[in-house]
Amino acid sequence: MGSTSSKHEVPLGVVLSNRRRLYVVQHLLEESPEPPIDVGDLAEAVAAVEHKKHPEVVSSAEKHRIYVSLLQGHLDRLDQEDIIRYDPERNVVYPGPNLRVAYSFAVLLPGSGVN
């Protein structure tokens, strides 16, 4: 109301209410190598957390389900909120200007599992 921002102003709690989005944020700040991060590698990392496995033993089906889910909405949503920068042409993700804010919020979000 009264905002002229071109970005969607959605509370972080809503954006981060999805576990996969939380895992993406957590991975980018805690685990990932230097950016950019390949979406396939990101999907493997998220699958490992979801299935409580080491990334090396995540099945291709588990990774594929997460990969598709990330592409169909999670990455775009995180990009809209400047949490990440998603480059669909190169199929890579970069940290966005709001990544640390989102991570800090996630740490405080009850039940998030982010330490």
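Reader: At roughly what angle do the axes of helix α2 and helix α3 cross?
Author: A heads-up first: this is a predicted model, where local features need pLDDT of at least 70, side-chain atom pairs count only at pLDDT 80 or more, and totals for chains, interfaces and linings use all residues. Residues are numbered from 1 along each chain as its sequence is written, and side-chain values use heavy atoms, leaving out hydrogens and water. Axes are lines fitted to C-alpha atoms, for helices over the stretch in contact, with angles from 0 to 180 degrees between N-to-C directions. Those of α2 (residues 19-30) and α3 (residues 39-51) come within 10 Å, and their crossing angle is roughly 115°.

Reader: So how do α2 and α3 lie relative to each other?
Author: Angles under 35 degrees count as roughly parallel, over 145 as roughly antiparallel, 65 to 115 as roughly perpendicular and the rest as oblique. That is why α2 and α3 are described as roughly perpendicular.

Reader: Is the crossing of α2 and α3 left-handed or right-handed?
Author: The crossing is left-handed if the near helix is turned anticlockwise from the far one by less than a right angle, and right-handed if clockwise. For α2 passing α3, the crossing is right-handed.

Reader: Which residues of α3 does α2 meet?
Author: Contact here means heavy atoms within 4.5 Å. From the α2 side come Arg-20, Tyr-23, Val-24 and His-27. By class, the contact has six nonpolar, one polar and two charged residues (nonpolar: Ala, Val, Leu, Ile, Met, Phe, Trp, Tyr, Cys and Pro; charged: Asp, Glu, Lys and Arg; polar: the others, Gly among them). The partners in α3 are Leu-42, Ala-45, Val-46, Val-49 and Glu-50.

Reader: How far apart are the end C-alpha atoms of α3?
Author: The expected span of a helix is 1.5 Å times one less than its number of residues. For the 13 residues of α3 that should give 18 Å, and the model agrees, with the end C-alpha atoms apart by 18 Å.

Reader: What do the buried residues of α3 pack against?
Author: Buried means under 20% relative accessible area, exposed over 50%, and partly exposed in between (1.4 Å probe, protein chains only). Among the buried residues of α3 are Val-39, Leu-42, Ala-45 and Ala-48. They belong to a set that packs against α2, β1 (37-38), α4 (60-80), β2 (84-87) and β3 (92-95).

Reader: How many nonpolar residues are in the contact of α3 with α4?
Author: The axes of α3 and α4 come within 8 Å and cross at roughly 115°, in a right-handed crossing. Residues meeting there include Ala-43 and Ala-47 in α3, and Ile-66 and Leu-70 in α4. Besides two polar and five charged residues, the nonpolar count is 10.

Reader: What is the relative accessibility of Leu-78?
Author: Leu-78 lies in helix α4. Beyond its neighbours within four places in sequence, Leu-78 touches Val-15, Arg-21, Val-24, Val-25, Ile-83 and Ile-84. Leu-78 counts as buried because its relative accessibility is 0%.

Reader: How far apart in space are Glu-34 and Pro-95?
Author: Glu-34 sits in the loop between α2 and β1, and is exposed, with a relative accessible area of 68%. Glu-34 and Pro-95 are 61 residues apart in sequence, but C-alpha to C-alpha the distance is 9.8 Å.

Reader: In what order do the elements of the protein chain run from the N terminus on?
Author: Helices (H or I, at least four residues) and strands (E, at least two) are DSSP runs, numbered from the N terminus. The chain has five helices and three strands. Their order is α-α-β-α-α-β-β-α.
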